[in-house]
Amino acid sequence: MSHSVQSAAVDLDVVFLGTSGSTPTAQRALPALLVRRGGEKLLFDCAEGTQRQLLRSDVGLVELEEIFLSHYHADHYLGLPGLLKTYSLRGRELPLTVYGPRGLRELLDTLRRVFGRLEYPFDAVELHPGETIARGDYRLETFAVDHGVAAIGYALREHPRPGRFDVDAADALGVPDGPERGALQRGQPVTLSSGATVSPDQVLGPPREGRTVVLAGDTAPTVSVVQAAVGADLLVHEATFLADERDRARETRHSTAGEAALVAREAGVKMLALTHLSTRYFGHQVVEEARELFPEAVVPRDFDVIEVPLPERGPPRLLRSGARSRREAIGSVEQ
């Protein structure tokens, strides 16, 4: 019986560990989010309390290999010294790399007085807007934002995937079931026992798009974010203020919910996740302002998850409390 050969789908989601801006609340911790792609876990920003948020989630305090900082305002990095120290106390041996915009090494030199000597290999990599970190089947791109200090956003972009395997075409060409079909699916030509050569374009449909997740960090609305987010599956954008505080947003280089919604609309993203909320607003107020301009806007709470399926499997989905540990969920019900 003939069958198609498809590459295994890699799960991709975003775990919101902290969704408040500047100061925490009883319900919202300070900024941190975790991107999970297959077995990889990438932490973006590491505010005060991040390691405890990990422990309270179903993720746990995993041995992260990479941490990416968007900028060096205190509400985005103060959890880093404690996390680095905890890893050392646990006898960690796995290397850890921290990435961030210019000024990272100076910051870590200062923080070293807090976390002391680390017992594991540790590296710091400074990035500039426009740099790319190449990975096997995806890349991380940095882009400029407008926050008045050295700051960058990050875009995770998967490479295009091979087209669908045409079983009928393979049968007609005499390609047997087995390794030959796998090689063609990976884009490699094969030579059959008859001596005939079959190329991938004879049995594969057009390439299929990969997924894109864009994390803007703290920023005023700016064209560089729109350009980075064009066609993205998910844009995570701050919404520190509402329209009534537009002047304050402009002074502090932050965005209103409506301005973030306009960025999402201009970029044509599939979903907008609004975070970095001020303590002066409730989530429903933020999402109501945004949805007037961009209906596919959501306001995640701490421990919410946004799943980003492959494009042919539907749009991104918000899972409320999707990363809350079972123990935490029981405790919240009891309260």
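Tutor: Happy to. In this predicted model, helix α8 (residues 257-267) packs with helix α9 (residues 283-291) at an angle of about 45°, and their axes are 8 Å apart. Angles under 35 degrees count as roughly parallel and 65 to 115 as roughly perpendicular, so α8 and α9 are oblique to each other. The crossing of α8 past α9 is right-handed. On the α8 side, the contact is made by Ala-257, Gly-258 and Ala-261, and on the α9 side by Val-286, Glu-289 and Ala-290. By type, the residues of this contact divide into four nonpolar, one polar and one charged.

Now for the sheet. Eight strands form an open sheet with mixed pairing, in the order β6-β5-β4-β3-β2-β1-β16-β17. At the edges stand β6 (122-126) and β17 (317-319); each has a single partner strand, so one side of each is left without a neighbour in the sheet. On average, neighbouring strands here are turned by 20° against each other, direction ignored.

Look next at the pair β4 (residues 66-68) and β5 (residues 96-100): these strands run parallel and are joined by three bridges. Glu-66 stands opposite Thr-97 in β5.

Helices also lie across these strands. Helix α2 (residues 80-89) lies across β3 (40-44), β4, β5 and β6, and runs at about 170° to β5. Helix α3 (residues 104-115) lies across β5 and β6, running at about 145° to β6.

Key
Residues numbered from 1 in each chain as written. Predicted model: local features only at pLDDT ≥ 70, side-chain atom pairs only at ≥ 80, totals over all residues. Heavy atoms only, no water. Axes fitted to C-alpha atoms, helices over the stretch in contact; angles between N-to-C directions. Helix = DSSP H or I, 4+ residues; strand = E, 2+ residues; numbered from the N terminus. Parallel < 35°, antiparallel > 145°, perpendicular 65-115°, else oblique. Left-handed = near helix turned anticlockwise from the far one by under 90°. Contact = heavy atoms within 4.5 Å. Nonpolar A, V, L, I, M, F, W, Y, C, P; charged D, E, K, R; others polar. Pairing = 2+ DSSP bridges.
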